[in-house]
Amino acid sequence: MKSILICPGERPTMGFLTEHLPLACAPLLGQSLVEYWLSHLACAGVKQVTLLVNHHPDLLHELVGHGTRWGLAIDLKVESRELTAAEAMLKHVKQIGPEASSNGIVLLDHFPGLEQYPLFQSYAGWFAGLRAWLPQARTPDRVGPREIRPGIWADMHARVSPSAQLEPPAWLGRNVVVGPRSRIGPGALIEDGSLVEADAEVFESYVARDTLVGQGTELKHSLALGSTLLNWQTGSAVQVPDAFVLCALRRQAPGRPASWVQRVAELLTGNKSQDELFWKDLLINKEG
Amino acid sequence: MNDEIFAWLARRYLTARSPFGRWLLNLHVQQQRLRARWLAGGADGLKRAFDTLSSGVLLLILSPLFLLIGLLVKLEDGGPVFFAQTRVGRFGREFQMYKIRSMCLDAEQRLKDLLADNHHREGITFKIKDDPRITRVGKWLRKFSFDELPQLYNVLIGDMSLVGPRPPVPREVSLYAPAHRRRLAIKPGITCIWQISGRSEIDFSGQVRLDVNYIESQSLWTDLKILARTIPAVLSGKGAC
């Protein structure tokens with residue numbers, strides 16, 4: 001059996017999500033959308049998959065390779081724009097052959113089986129889709145997430161303080177640390193590598209990868225994407241200026257720093273413009 | 001209650017009013033950044049460093065043993081000492097696993113004769129008792145698992161790790177169900193965790209579950225404990241994976 005997956009291109013309404021990674025590669029509950037779909041297709045018995053990409057094909061190739069991870073043969077085709085299902089059918093009908101139906105061609109804008117939750121139309125819809133997918137996020141071929149309490153999932157090496165209060169449904173990603181006396185309320189989705197400090201509260205919210213939720217910070221009906229805070233109910237967004245309230249813990253951009261000197265500076269200051277200030281400061285102090 | 005909260009908030013955020021206070025708070029953020037970096041990559045980096053260091057040291061220490069074994073194998077039938085097998089590593093990536101030859105030179109032909117003679121158990125894996133293709137030196141090598149020693153080189157170059165599930169052959173992997181593929185989520189290892197948990201009694205899904213348990217609870221400490229239990233098993237000649 002063969003299948004075609006169309007990776008979504010740019011979506012201007014979801015600008016904050018596509019800042020660093022294309023929509024198909026962005027991590028959702030630990031794995032990206034394309035990985036969930038490949039796993040779903042592998043479980044359904046599909047052997048060959050064609051991926052149509054128009055946005056960052058190199059990142060997608062790094063992610064899926066040749067499909068050996070799922071036992072599939074993946075063919076990555078670069079398109080100049082996002083095709084619709086009908087256009088893909090016309091253009092690639094030779095690959096998928098005469099037995100293809102419209103079921104064999106999927107646009108990756110929803111989770112497998114959850115067509116009623118389109119992900120890329122609004123932030124509220126995106127959050128609702130994630131919440132609906134939560135019980136199925138641990139696909140049969142996935143290692144890591146375990147249900148530590150009914151309705152609360154935790155990935156590998158997640159550390160929860162004994163005085164923290166957890167209420168289902170919730171998701172704690174890999175290496176997440178939940179501080180003392182914090183309240184991870186119903187509907188909290190915390191991605192890999194995030195730190196939730198003491199007395200914080202996360203309610204019906206999504207915390208992106210490698211984000212620090214500072215002491216005493218309350219997140220309600222929000223998406224915390226680094227230092228950008230979005231309210232998915234009202235659609236408002238704000239850049240949090242204070243790093244100790246909400247900030248990104250790692251530099252998100254895929255570009256690597258040039259030399260070890262820059263890397264040390266980045267490690268100590270976390271910010272490119274601060275790198276330069278740091279070194280100027282050091283040199284000035286050395287000299288005088 | 002509200003007074004307490006107000007007092008706490010004031011104490012906490014009043015530090016942010018002065019530049020020095022903000023500097024202190026930012027220092028805390030930098031400390032959390034370093035901590036996040038360590039949590040994210042520390043365990044894997046440590047495992048890799050331990051693997052590289054110990055495999056390098058072991059290869060150096062055991063080089064006289066390698067020379068001796070090479071001589072013995074060459075003296076027996078004059079054939080090659082090492083041979084490479086294609087095995088499946090992390091996430092389905094195939095690599096060449098090196099072993100010391102313990103079977104006679106026409107092992108492939110004899111395999112076909114044996115397959116007609118069905119001694120194997122049902123399932124995906126394939127092992128025969130009293131295999132007539134094994135040479136005399138090979139039998140002694142397998143008893144003490146010396147034929148697995150060249151895998152230290154695989155550990156050095158990063159294909160394998162010291163501790164982990166044994167690498168399967170591509171033929172087996174093509175028959176895996178999606179749930180079985182979970183055991184390909186980490187680098188395969190030389191020491192097999194099954195032999196300390198009684199492998200021959202459980203079926204394949206049980207083995208996969210053991211492997212997944214290992215992957216989810218893996219840390220340097222558990223690896224060291226497994227190594228400590230494997231070495232006596234190997235030296236006593238019981239374990240052969």
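In this predicted model, confidence in chain A is lowest in helix α6 (residues 272-287), with a mean of 60, and highest in strand β14 (residues 188-190), at 96. The score is pLDDT, the predictor's confidence in each residue on a scale from 0 to 100. Chain A has an average pLDDT of 85, and 85% of the residues reach at least 70. Helices (H or I, at least four residues) and strands (E, at least two) are DSSP runs numbered from the N terminus.

Residues are numbered from 1 along each chain as its sequence is written, and chains are lettered from A and ligands numbered from 1 in the order in which they are written. Local features need pLDDT of at least 70 and side-chain atom pairs count only at pLDDT 80 or more, while totals for chains, interfaces and linings use all residues; side-chain values use heavy atoms, without hydrogens and water.

Chain A contains an open sheet of 4 strands with parallel pairing, in the order β5-β4-β1-β6. Its edge strands, β5 (73-78) and β6 (105-107) of chain A, each pair on one side only. On average, neighbouring strands of this sheet are turned by 20° against each other, direction ignored. Two strands pair if DSSP finds at least two bridges between them; β1 (residues 2-6) and β4 (residues 48-53) of chain A run parallel and are joined by 5 bridges. A:Ser3 has A:Val49 in β4(A) as its bridge partner.

Helix α1 (residues 33-44) of chain A lies across β1, β4, β5 and β6 of chain A and runs at about 165° to β1(A). Helix α2 (residues 57-64) of chain A packs on the sheet, where it touches β4 and β5 of chain A, and its direction makes about 175° with that of β5(A). Axes are lines fitted to C-alpha atoms, for helices over the stretch in contact (heavy atoms within 4.5 Å), and angles run from 0 to 180 degrees between N-to-C directions.

A nonpolar core is a set of buried (under 20% relative accessible area, 1.4 Å probe, protein chains only) Ala, Val, Leu, Ile, Met, Phe, Trp, Tyr and Cys residues joined through side-chain atoms within 4.5 Å. The largest has 47 residues, and A:Leu5, A:Leu38 and A:Phe111 are among those with the most contacts inside it. Helix α1(A) gives the most to this core, with 7 residues. A:Phe111 touches residues including A:Leu33, A:Trp37 and A:Trp133.

A:Asp199 lies in the loop between β15 (195-196) and β16 (201-203) of chain A. Beyond its neighbours within four places in sequence, A:Asp199 is in contact with residues including A:Arg181 and B:Trp8.

Methods: Buried means under 20% relative accessible area, exposed over 50%, partly exposed in between (1.4 Å probe, protein chains only).
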